[in-house]
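Colleague: Could you walk me through this one while I have it open? I would like to go topic by topic.

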Amino acid sequence: MSPRVRRTALPYDVDEDLPREPTPAGRVLDARLHLLDRQTLDVDDVPVACVDDLEVRTASGSGDVTSGASPAYVTALLSGPVLGTRLFGGRPPASRLHRILWRNVADVGTTVRLGVRGEDLDVLWVERWVRDHVVGRIPGGRHDPQ
Amino acid sequence: MKRLLGVALGVLTAIGGFLDIGDLVTNAVVGSRFGLNLAWVVVVGVVGICLFAQMSGRVAAVSGRATFEIIRERLGPRTAGANLVASFLINLLTLTAEVGGIALALQLASSVEPRLWIPVAGLAVWLVIWRAKFSILENVTGLLGLTLVVFAVALFLLGPDWSELADQALSPTVPGDEGHAVYWYYAIALFGAAMTPYEVFFFSSGAREEKWTVKDLSQSRLNVLVGFPLGGILSVAIAACAAVVFLPASVEVSSLSQIVLPVALAGGKLALAVVIVGIVAATFGAALETGLSSGYTLAQYLGWSWGKFRRPAQAARFHLTMIIALLVAVAVLMTSVDPIKVTEFSVVFSAVALPLTYLPILLVANDPEYMGKHVNGRVTNALALVYLVVILAASLAAIPLMIATGAGS
Amino acid sequence: MQVVRRRAALLVVLPLLVTAGCAVGSTQGPADDARALADPLAQVTSAVETALLATSLLDEGRTSTTVTDTALLDQVHVLQDASDAVATLVPAPGPGSAWQSDALAAVGEAQTAVADARAWATGAGGSVDEVTAALEDAGARVDDLTATLQEAGS
């Protein structure tokens, strides 16, 4: 392992005053605690997806969100194959992401509620495909259980 | 009056639903080899499953969240994913054992070899999952499974030496011709049979299916606290029947056909017919529960739409998962693997996997964010900690004991 | 480099030697043979006793043909396993090989008796007395052999 770093050789100034955490009015959400891995429900209480990852951008849409230079915003909840990169690392191409736009989020509690119907969202294309090509075609698949 | 009926129905269903192929086989095998010297394990297991089911039912009713959603929220995707893989595979193993059990029971009724029954059993299980309402599938199989009470009746008809049975049960010893390692191996198997994890997935997801709220808590507590102990008594009766008939003759139970012989000896053809109906119902009910559990676990982890209260088309991936799980179970059984062997492995691996579901449930049952004022009380927590130790010990010891004893042979 | 290679070679050869040591016969003496044969013989006893119970129950009209038939079929499989276990044993020098052939003969007798019982149960012929007597003989033979082995094994 790396040898112990001398205090004087640390990459930051040890006596520097760290910036105070902002204390905004209203609710504070921790992205990891309150968003990641939460269930999303649509406006009719139908489960849509689990929040597998988040898309975070700066206000201008460019620049590095991790630099902290400009405030970062959660622009979308991600779900689907992105779970693989979260488990094993790496980064999927942006074109392959399935997004639920942040403006569709209505409420964040023990679940994340959306203000739209899940039916219209991209993330559910697998569900729709399975329904239209497999489950819906088996007799009785579209009827209520008896 | 209606409320009383509801309570009775819930309790009866819990009794019938407690027993599955794992309980039947493990209790009979243990009874034939150790008499009632392992009956204490059933007591430990029943108290454990009461505690566990009661906690997960409460979590489901109060937070409105099912087990695997919570496991992922609390443990993160990686740990929960590993947990999911293990739980799903063991559940699949149990599903395979149950479907095989249906086929073996039907063989007893017909003499037609089980390999011909396996696809029929798989199809029947799927049809019920596909079309029947949740409450119907739960109540009908539970009530029919209640016919296994015939094991208790048979025990009385056999007129055993009660004092000897009581002596074995109350001051257990390892019988002379069996080793200590084998004794403890079967203790873990019995524990795993009583506390199978699928019961918890099913119980907590079932609470969501039936839209339980805080108001239903007392009913659920009653079902569990009365139904499961009575189910445990039936387990002991199965072991006692095997002990009375097989232990003196040095017969080692290795097939379902042997398990029903003591009942036939005691009660004749009528009792035999009843016990076969009971075994078909118990294994069928458990096959439904494990089949549904395979869908529940995966759908809850990945956030899919799930539930029997929806039309299959509205929970498409959930239903597709169950179809695939059943196809895998049928395919495995069609390789002529012995369902009894599958059962024996499934109960031991259930014990191995138990901490994976127990610990997250215990954490959430103490989390006010989810539970509000319904967090665990002190007594529950004290008991839960004792069981945490027991469950961890059983889980860690299971595989070394399995290797050391050659799976109990 | 030389050292590393030598160590690697050792890592390959050592397990090979260990496995090779186990290749021919896992038993060392007559007592081990006796213990190794006792397990399959216990299975045979179990199968014969089960078959006796199943036939007597059918004779008294307490079971159906299907249940007895299935029970007997299951015992055929148990006996097959026991027979395999006995036949695959490699005995040590001494009485082991005589015990092995006795055990094989006992298993064979039990197999015949159970097969006959099944024939009777399904109505193919024979009488319950013959079938029971054959099963009891097979059981007695296994018991004798088990007793001999127990003496030798302890």
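Colleague: How do β3 and β4 of chain A pair, parallel or antiparallel, and over how many bridges?
Modeller: Strand β3 (residues 53-58) and strand β4 (residues 72-79) of chain A pair in the antiparallel sense over 6 bridges, where two strands pair if DSSP finds at least two bridges between them. Helices (H or I, at least four residues) and strands (E, at least two) are DSSP runs numbered from the N terminus. This is a predicted model, so local features need pLDDT of at least 70, side-chain atom pairs count only at pLDDT 80 or more, and totals for chains, interfaces and linings use all residues. Residues are numbered from 1 along each chain as its sequence is written, chains are lettered from A and ligands numbered from 1 in the order in which they are written, and side-chain values use heavy atoms, with hydrogens and water left out.

Colleague: And which strand do 4 bridges join to β4(A)?
Modeller: That is strand β5 (residues 98-101) of chain A, which runs antiparallel to β4(A). A:Ala76 in β4(A) is the bridge partner of A:Glu55, and A:Ala76 also has A:Leu101 in β5(A) as a bridge partner.

Colleague: Switching to the chains, which pair has the most contacts?
Modeller: Among the 2 pairs of chains that touch, chains A and B have the most contacts, contact meaning heavy atoms within 4.5 Å. There, 32 residues of chain A are in contact with 33 residues of chain B. The area buried between chain A and chain B is about 2900 Å², of which carbon and sulfur atoms give 53%; buried area is the accessible area (1.4 Å probe) that two parts lose on being put together, summed over both. In chain A, the residues that lose the most area to chain B are A:Glu127, A:Pro145 and A:Gln146, together 21% of what that side buries.

Colleague: How many salt bridges are found across the interface of chain A and chain B?
Modeller: The rule finds 6 across that interface, a salt bridge being a side-chain nitrogen of Lys or Arg within 4 Å of a carboxyl oxygen of Asp or Glu. One salt bridge is between A:Glu127 and B:Arg317, whose closest N and O atoms are 2.6 Å apart. A:Glu127 lies in helix α3 (residues 125-133) of chain A and B:Arg317 in helix α13 (residues 316-333) of chain B, so the pair joins two chains.

Colleague: Is A:Glu127 buried or exposed?
Modeller: A:Glu127 counts as buried at 7% relative accessibility, and B:Arg317 is buried too, with a relative accessible area of 10%. Buried means under 20% relative accessible area, exposed over 50%, and partly exposed in between (1.4 Å probe, protein chains only).

Colleague: What about A:Asp144 and B:Arg311?
Modeller: Their side chains meet in a salt bridge at 3.2 Å, N to O. The pair crosses between chains, from the segment after α3 of chain A to the loop between α12 (256-302) and α13 of chain B. A:Asp144 is partly exposed at 42%, and B:Arg311 is partly exposed at 33%.

Colleague: Now chain C: how many of its residues are in contact with chain B?
Modeller: In that pair, 21 residues of chain C are in contact with 25 residues of chain B, and the two chains bury about 1700 Å² between them, 61% of it on carbon and sulfur atoms. The count between chain C and chain B is 0 salt bridges.

Colleague: How far apart are the closest C-alpha atoms of chain A and chain C?
Modeller: They lie 24 Å apart, and no contact joins chain A and chain C.
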